[in-house]
Amino acid sequence: MQMPTDNALYRLMDWMVKLAYLNLLWIFFTCLGAVFLGWVPATKAMYSILRRWTRKQETFNVAASFWKEYKKEWSSDILASFLFLILGMLLVIDLKFFLAGYSAMHTLGKLFTIQLITVAIVLAMNYVSSSYPDEWSLLQKLKDGLIRGATSPFKTLLVIMTSILSILLLFLIHPGLVVLFGGSLLALLNLVLYDVLNLKSETFCQGTSS
């Protein structure tokens, strides 16, 4: 008996199963890298799998492909994880310092730090969600992420806000859904928004490689 693959309910259930499985792989490999160092390569691998699914590529072994992408650029991804971690810690320390006061200097410091936090989030999102040429250095990838964020600030902020609201919605429906679908569903939503808003998730332009 042929499976009704053209049925909307079947496709929905198929995507739910795939997203749940992908999210479990993401959690496992993130923990494999001690969370703080593993989240970048694990998230990049998750986006790679999602791109292949959305482009309806041939059937492939998800776990094997995930592992291949996870270790593909291990050294640069671990370095990026470390840089994002240090940057995040410094920004949190700055924000806590400025929140402790009420002077004009503290107010300006709060606004400036919040802007830097937004830039850091945009940079991290663009880095983990993008597919770069193999010969690009970490610096070139980070530069590309900054350029894309700067050229489409409002669209990029829309993606961030939509992501936050999606996680909150999942949590309100049932907290367990965040664990089951949080990472993979969020990544899928981001890819869809990148296409709808014409934000490239490949590279900004070939000119940035120089």
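Which residues of H4 are buried? The legends below take up this question after a note on the model.

**Basis of the views.** This is a predicted model, in which local features need pLDDT of at least 70 and side-chain atom pairs count only at pLDDT 80 or more, while totals for chains, interfaces and linings use all residues. Residues are numbered from 1 along each chain as its sequence is written, and side-chain values use heavy atoms, with hydrogens and water left out.

**View 1. Helix H4 and its buried residues.** The buried residues of H4 are Ser-76, Asp-77, Ile-78, Ala-80, Ser-81, Phe-84, Leu-91 and Phe-98, where buried means under 20% relative accessible area, exposed over 50% and partly exposed in between, with a 1.4 Å probe and protein chains only. Helices are DSSP runs of H or I with at least four residues, strands are runs of E with at least two, and both are numbered from the N terminus. These buried residues of H4 pack against H2, H5 and H6, contact being defined as heavy atoms within 4.5 Å. The 26 residues of H4 should span 38 Å at 1.5 Å a residue, and the end C-alpha atoms are 37 Å apart, which agrees; the expected span is 1.5 Å times one less than the number of residues. Leu-83, also found in helix H4, counts as partly exposed because its relative accessibility is 39%. Between Leu-83 and Leu-37, which are 46 residues apart in sequence, the C-alpha to C-alpha distance is 9.7 Å.

**View 2. The largest nonpolar core.** This core has 38 residues, and those with the most contacts inside it are Leu-22, Ile-49, Leu-50, Trp-53, Phe-66, Phe-84 and Tyr-127. At least two residues of this core are supplied by each of H1 (8-32), H2 (39-54), H3 (62-72), H4 (74-99), H5 (104-129), H6 (138-151), H7 (153-173) and H8 (175-196), and the largest share, eight residues, comes from H2. A nonpolar core is here a set of buried Ala, Val, Leu, Ile, Met, Phe, Trp, Tyr and Cys residues joined through side-chain atoms within 4.5 Å. Setting aside residues up to four places away in sequence, Leu-50 touches Trp-15, Leu-19, Leu-22, Ser-184, Ala-187, Leu-188 and Leu-191.

**View 3. Helix H2 and the residue that follows.** Because 13 of the 16 residues of H2 are buried, this helix is largely enclosed by the rest of the structure. At 1.5 Å a residue, the 16 residues of H2 should span 22 Å, and the end C-alpha atoms are 22 Å apart, which agrees. Just after H2, Lys-56 takes a positive phi of about 55°.

View 4. Asn-23 lies in helix H1 and is buried, with a relative accessible area of 0%; apart from neighbours within four places in sequence, Asn-23 is in contact with Val-178, Val-179, Leu-180, Phe-181, Gly-182, Gly-183 and Ser-184. Thr-30, likewise placed in helix H1, is buried with a relative accessible area of 9%, and, with the neighbours within four places in sequence again left aside, Thr-30 is in contact with Val-35, Gly-38, Trp-39 and Ala-42. Ala-34 is in the loop between H1 and H2, and its phi is near 60°, a positive value in a residue other than glycine; at 52% relative accessibility, Ala-34 counts as exposed. Val-35 lies in the loop between H1 and H2 and has a positive phi of about 65° although it is not a glycine, with a relative accessible area of 40% that makes Val-35 partly exposed. Most residues other than glycine have a negative phi.

**View 5. Ala-63 in helix H3.** Ala-63 is placed in helix H3 and counts as partly exposed at 28% relative accessibility. Not counting residues up to four places away in sequence, Ala-63 touches Tyr-21 and Leu-25. The C-alpha atoms of Ala-63 and Ala-42 are separated by 12 Å, the two residues being 21 apart along the chain.
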